[in-house]
Amino acid sequence: MSDNISAINNIRLYPIKEADIQIIRNIRNMDRNRLWFVYKEIISESEQIAWYKKYENKTDDYMFVAYSDTGEIVGAVALYEINNKAKTCEFGRIMTTIKGVGNKIANAALKIAFEQMLLAKVVLEVFEKNVSAVRLYEQIGFLETERENS
């Protein structure tokens with residue numbers, strides 16, 4: 001992806017670079033984030049490097065680092081399974097370092113999806129027990145269309 005950025009509500013998203021991956025790993029390993037991933041284990045440095053090497057070769061997966069207006073990294077988010085023909089993608093892997101920025105990070109990512117990538121539909125999956133995430137997604141306009149039995 002080019003150096004597309006999105007700025008909204010004092011949050012700026014930048015595509016991740018190799019220099020960011022250990023910071024992203026630390027954020028992902030925080031209990032507040034890690035426990036909501038399918039793979040809940042702590043990610044090691046070598047696992048993160050291996051992930052990034054695979055990520056670099058993907059053309060349908062964009063991960064972003066979120067910066068506050070003071071230059072502090074406050075989270076990350078991804079748009080993936082991008083289908084340019086269908087104009088769709090999946091939204092997720094949202095991680096935050098502090099409470100209160102998830103909405104801003106999500107909206108900045110959606111701005112990229114709809115205004116820069118010109119996608120028509122963005123979908124996501126969330127664990128039903130992740131009540132704060134469900135609430136966030138409803139607040140920013142996502143609608144529940146399907147529910148899996150767990």
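Which elements cover the buried residues of helix H1? In this predicted model, where local features need pLDDT of at least 70 and side-chain atom pairs count only at pLDDT 80 or more, totals for chains, interfaces and linings use all residues. Residues are numbered from 1 along each chain as its sequence is written, and side-chain values use heavy atoms, with hydrogens and water left out.

**Helix H1**
- The cover over the buried residues of H1 includes H2, H3, strand E3 (61-68), strand E4 (73-83) and strand E5 (88-96), where helices (H or I, at least four residues) and strands (E, at least two) are DSSP runs numbered from the N terminus, and contact means heavy atoms within 4.5 Å.
- In helix H1 (residues 21-29), the buried residues are Ile-21, Ile-24, Arg-25, Ile-27, Arg-28 and Asn-29; buried means under 20% relative accessible area, exposed over 50%, and partly exposed in between (1.4 Å probe, protein chains only).

**Exposed loop residues**
- Val-38 lies in the loop between helix H2 (31-34) and helix H3 (45-56), and counts as exposed because its relative accessible area is 77%.
- Lys-129, in the loop between strand E6 (121-123) and helix H5 (131-139), is likewise exposed, at 71% relative accessibility.
- Between Lys-129 and Glu-72 there are 57 residues in sequence and 30 Å in space, taken from C-alpha to C-alpha.

**Whole chain**
- The protein chain contains five helices and six strands, arranged along the sequence as β-β-α-α-α-β-β-β-α-β-α.
- Of its 150 residues, 41% count as buried, and the C-alpha trace spans about 35 × 35 × 30 Å along its principal axes.
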